[in-house]
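Here is a friendly walk through one protein model, written to be read with the structure open beside you. Please keep the viewer at hand as you go.

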Amino acid sequence: MANTEASLKEAMSSIEGTTGVALVDYTSGMALGTLGGGKDFNLEVAAAGNTDVIRAKLRTMEHLGIKEEIEDILITLGTQYHLIRLLKTRGSNGLFLYLVLDASRANLAMARHQLKKIEAELEV
């Protein structure tokens, strides 16, 4: 099992094209840990903003009567991919991993696969 810091480092080093990663509590909007980002991309602000994305999608699913769980939410921009993975492992209720990828270097299928592996090893 890996702790938050080790899991964030694993994401940065093992997922091609990663420029930032965060573990976020979407009930509060607080980032429990971040790695990467920079002066031009504040991961704390992005983490808080993406909690609204998750809450909106969960409300919409409830209104539509959809009983399934969200695995990933993908946002594609011109030069970036933003991947949000809601955690399902024990003790991780209300948490998500947020990954920012350089679209020119990233492979989305591999990023999703690796993020799922990191989730399975994460102990919160």
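## Ground rules

Helices (H or I, at least four residues) and strands (E, at least two) are DSSP runs, numbered from the N terminus. By that naming, Lys39 sits in the loop between β2 and α2. Buried means under 20% relative accessible area, exposed over 50%, and partly exposed in between, with a 1.4 Å probe and protein chains only. With a relative accessible area of 80%, Lys39 is therefore exposed. From Lys39 to His82 the separation is 43 residues in sequence and 18 Å in space, C-alpha to C-alpha.

This is a predicted model, in which local features need pLDDT of at least 70 and side-chain atom pairs count only at pLDDT 80 or more, while totals for chains, interfaces and linings use all residues. Residues are numbered from 1 along each chain as its sequence is written, and side-chain values use heavy atoms, with hydrogens and water left out.

## The sheet

Start with the open sheet: five strands in the order β2-β1-β5-β4-β3, with antiparallel pairing. Two strands pair if DSSP finds at least two bridges between them. At the edges are β2 (30-36) and β3 (72-76), each of which pairs on one side only. On average, neighbouring strands of this sheet are turned by 15° against each other, direction ignored; axes are lines fitted to C-alpha atoms, for helices over the stretch in contact, and angles run from 0 to 180 degrees between N-to-C directions.

Six bridges pair β1 (residues 18-25) with β2 in the antiparallel sense; Val21 stands opposite Leu35 in β2, and Val24 has Ala31 in β2 as its bridge partner. These two strands form a hairpin with four residues between them, and Gly29 in the turn has a positive phi of about 85°. Towards β5, β1 is joined by seven bridges, again antiparallel, and Thr18 has Leu101 in β5 as its bridge partner.

## Helices against the sheet

Helix α2 lies across β1, β2, β3, β4 (80-86) and β5 (95-102), running at about 120° to β5. Helix α3 (residues 108-121) also packs on the sheet: it touches β3, β4 and β5, and its direction makes about 30° with that of β4. Contact here means heavy atoms within 4.5 Å.

Asn50 belongs to α2 (residues 43-64) and counts as buried, at 8% relative accessibility. Its side chain reaches the backbone oxygen of Ala46 at 2.9 Å. Not counting residues up to four places away in sequence, Asn50 touches Ile75, Ile84, Phe96 and Tyr98.

## Nonpolar cores

A nonpolar core is a set of buried Ala, Val, Leu, Ile, Met, Phe, Trp, Tyr and Cys residues joined through side-chain atoms within 4.5 Å. The largest one has 18 residues, of which Ile15, Leu23, Leu97, Leu99 and Leu101 touch the most other members. At least two residues each come from α1 (4-14), β1, β4, β5 and α3, and β5 gives the most, with four. Apart from this core lies another, of 16 residues, among them Ala22, Leu43, Ala46 and Leu86.

Leu99 has contacts that include Ala11, Ile15, Val21, Tyr81, His82 and Leu115, not counting residues up to four places away in sequence.

## An aromatic pair

How many aromatic pairs does a search of the whole structure find? There is one. Rings of Phe, Tyr and Trp (its six-membered ring) pair if their centres lie within 6.5 Å; planes under 30 degrees apart count as stacked, over 60 as edge-to-face and the rest as tilted. The rings of Tyr26 and Phe96 have centres 6.4 Å apart and planes at 35°, so this pair is tilted. Because Tyr26 lies in the loop between β1 and β2 and Phe96 in strand β5, the pair ties together parts that are 70 residues apart in sequence. Tyr26 is buried at 15% relative accessibility, and Phe96 is buried at 0%.

## Asp72 and its arginines

Asp72 is in strand β3 and is buried, at 18% relative accessibility. Its side chain makes a polar contact of 2.9 Å with that of Arg85 and another of 2.4 Å with that of Arg112. A polar contact is a pair of N or O atoms within 3.5 Å; within protein, one must be able to donate a hydrogen and the other to accept it, and residues adjacent in sequence count only if both atoms are side-chain atoms.
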